[in-house]
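Please look at the aromatic rings in this model and at the reasons behind the labels given to them.

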Amino acid sequence: MKFAACIFNGKAGDLSLRNLRTLESDAAVICRINGPVVKARGAAGFRMHETVLVGTKKLIGEVISLENDTATIQVYEVTTGLYVGEPVISTGKPLSVKLAPGIIGNIFDGIERPLKSIEKNSGPFILRGVDAEFPESDVRWHVHITAKPGDKVSGGMVVAETQETPLIVHKIMVPPGIEGVVSEVMPDGDYSAYDTLMKISLANGNNYDLKMLQEWPVRKPRPSMEKLAITEPLITGQRVIDTFFPIAKGGTAAIPGGFGTGKTMTQHQLAKWSDADIIVYVGCGERGNEMTEVLRDFPKLTDPKSGRPLMERTILIANTSDMPVAAREASIYTGVTLAEYYRDMGYNIALMADSTSRWAEALREISGRLEEMPAEEGFPAYLSSRLSEFYERAGKVRTLGNSTGSITIIGAVSPQGGDFSEPVTQNTRRFVRCFWGLDRQLAYSRHYPAIHWLSSYSEYLETLEKWYENNVDNQFMSYRSQLLKILNEEDKLIEIVKLIGGDILPDDQKLILETGRAIRFGFLQQGAFHPVDTYVPLKKQFLMMEVILYLHNKVFELVRNGIPISRIKELGLFEEIIRIKYTFRNDEPERFEELKKTIDEKLSTLI
């Protein structure tokens, strides 16, 4: 036995009597503490990205650097009260998540600890070193075995299933890397995640006990057979997204915007209404009250496809701004690993990360404590590579089980002061193909979603054009282009009006201003809390575009024939067009033809 000499707050010295720990000569011990970053001496047997238990409270940490026999560890819990000289215990495995039934409808912290179970054990505040069992051993699932003795199986093949929620069938798969012949099968019945469902004889002569429970390292992407071309949009029910800047299933998008521009609200709308099979919502660094709103709202919401509660197809990961900063860095990897697991079952997943800026700030804080050379604005030089590692895990794939699944990643970005030239926004733009830029002036004028049509773009238009033609109407993309052209012309005219006033404009340009206003207020602006306007199907979006252009073209003919625009405005047709988003229900397409007849009748009175 010996006493350890160490460094505390950067100074070398012997341990005080109060902090003395008697340690085995070959044990790893803490020798330096700097916030969430801890150094341990005697760690020659440790490996990179290995999970370790730090201190007597066994705080969870991950090895992020090794030098000789000294390991640098980022701790995923508050390190207050740790002493130099406390032991560091190796677990022998990387930071991993447990994959089993019970994930959907649950809420986890950044390292997949179930917060509902922790609340039962420790109350509303998470105690340091607290642990909760997941999956719980006393919870049993009714399992239907689909494999038979003698079947040849390999990684990714579905061999059993259980009804995880009324909306989601949990498909139990052979873990990647396992290949052999089924030698023994349990009968259908109720099993826990830890029970053996079947035995598989491997090529080396060993038997593998297959359970519902799998483990997978969060920083390692789950394998797939091949990546597939993206050809189908993620339908969100939000007009500015579905019509102007669509995202594909398996695509990537960023929602940048300053404080109060509606990033979180936009992601909430996408989580509520998108046609993905499963939603993974990651609140990395979010304010606690916003996550509370999610927890309160989602159980009350009804899934539009099934009529069931939305939580029955939702996974929540909450790492709020007051939680340990290191766990924030791990939270998005935890979220995308859970998404990949359900993708491998053949589901389409939509992952919302809110926000990647606070995740990047966690990287910056840890990098600073590691005394790494900073890059632009203090962010680490590897910021772009970390962002690419995350966004490149999106995609549509053919799984190892020969089904098709996808992960769509939508990340919010919170640039300081709304400056889109800052490093996180600029690096994110390199790896996403959909950019929904939120505008402060639109948000402050209560125009939501505040996605600006001039600063936003989507690179999926070409690949999705045929889908829109086949599933909505062959004029869909043409109408979209015409509306955008009118909005661009309106923007130029508004600048002229600001300088010299609008009275001197010719009537055809005044018509552009009127139609542009109808597009902005009647089509792009959408009420998240209005029962009719909160979700709009693609067919109604197309009919709304069609009737706006119908009115514009009819009025243009009258203006060209000398009818003053002022007389046409007195008919109130443009205001009626703006109101249809509230007055026409989603299941009333016939009313658009009636509106066209009304337009014709009123305009005929001017001829």
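Predicted model: local features only at pLDDT ≥ 70, side-chain atom pairs only at ≥ 80, totals over all residues.

Residues are numbered from 1 along each chain as its sequence is written, and side-chain values use heavy atoms, with hydrogens and water left out.

Q: Why is the aromatic pair of Phe244 and Phe245 called edge-to-face?
A: Rings of Phe, Tyr and Trp (its six-membered ring) pair if their centres lie within 6.5 Å, and planes under 30 degrees apart count as stacked, over 60 as edge-to-face and the rest as tilted.

Q: What makes the pair of Phe244 and Phe523 tilted?
A: Their planes are 35 degrees apart, with 6.0 Å centre to centre, and therefore the pair falls under neither stacked nor edge-to-face. Phe244 lies in helix α2 (residues 239-244) and Phe523 in helix α12 (residues 507-524), 279 residues apart.

Q: Why is Phe523 called buried?
A: Buried means under 20% relative accessible area, and Phe523 has 0%, so the term applies. Phe244 is likewise buried, at 0%.

Q: How do you know that the charged end of Arg429 sits over the ring of Phe435?
A: The criterion asks for NZ of Lys or CZ of Arg within 6 Å of the ring centre and within 35 degrees of the ring normal; the charged end of Arg429 is 4.0 Å from the centre of the Phe435 ring and is listed as sitting over it.

Conventions:
Helix = DSSP H or I, 4+ residues; strand = E, 2+ residues; numbered from the N terminus. Buried < 20%, exposed > 50% of the residue type's maximum accessible area, 1.4 Å probe, protein only.
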